[in-house]
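Morning, everyone. Please look at the model on the screen.

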Amino acid sequence: MTPTESKSLFAKLNLFRECREYNLGIWECPSFIFLILGTVNVLTMISTYFIANRFTEEPEFVALIVIVVTAIFFIISHTVTQGFDKLAQANKMKTEFVSIASHQLRTPLSAMRWTLNLLNEKHQPNTQEQEQINTNYISLIKESNERMIKLVNDLLDVSRIEMGKIIL
């Protein structure tokens with residue numbers, strides 16, 4: 001085994017890297033849960049062996065009991081680990097989507113704000129009544145635009161907090 005291969009093997013087995021990647025605590029991390037459930041499975045095999053050995057003298061029956069209990073526990077462990085992994089991946093994708101969508105929404109909203117400011121400053125209506133109507137509509141659009149920008153900024157803050165980029 002070359003040094004490069006051993007480094008890549010250790011990188012794959014690094015539990016904390018996966019936890020950081022998914023932005024999860026150690027007890028929520030699929031790799032750590034797999035390790036814990038594997039340890040419990042080994043302990044279950046050993047204890048099942050001693051219990052089954054106590055009640056029967058036939059080694060084939062003891063081995064069958066250990067295999068069945070181990071297989072059932074392995075299937076349950078695998079299902080739980082896969083569930084945690086899928087949840088972690090979905091959470092990561094959701095956070096990335098919110099971040100990207102927020103950035104994409106903020107650009108046209110900012111352009112809209114600049115255009116409204118330009119309209120408000122440069123536009124010269126013909127009559128006093130038109131000026132009042134234009135001012136009312138522009139101010140209504142401007143208020144809605146500001147609320148939407150605030151909402152998008154809040155979404156960005158939430159995604160940054162979830163990604164661990166902002167600490168409150």
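Helices here are DSSP runs of H or I, at least four residues, numbered from the N terminus. This is a predicted model, where local features need pLDDT of at least 70, side-chain atom pairs count only at pLDDT 80 or more, and totals for chains, interfaces and linings use all residues. Residues are numbered from 1 along each chain as its sequence is written, and side-chain values use heavy atoms, with hydrogens and water left out.

Start with helix 4. It covers residues 59–122, and Ile72 lies in it. Ile72 is partly exposed, because its relative accessible area is 48% (buried is under 20%, exposed over 50%, partly exposed in between, with a 1.4 Å probe and protein chains only).

Next, helix 3. Among its buried residues are Ile33, Leu37 and Asn41. Phe32 is buried too, because its relative accessibility is 15%.

Now the aromatics. How many aromatic pairs does the structure hold? There are 2. Rings of Phe, Tyr and Trp (its six-membered ring) pair if their centres lie within 6.5 Å; planes under 30 degrees apart are stacked, over 60 edge-to-face, the rest tilted. Trp27 and Phe32 are edge-to-face, 5.0 Å centre to centre, with 90 degrees between the planes. Trp27 counts as exposed, because its relative accessibility is 61%. The rings of Tyr49 and Phe50 have centres 5.4 Å apart and planes at 65 degrees, so that pair is edge-to-face. Tyr49 is partly exposed at 40% relative accessibility. Phe50 is exposed at 55%.

Conventions:
Helices (H or I, at least four residues) and strands (E, at least two) are DSSP runs, numbered from the N terminus.
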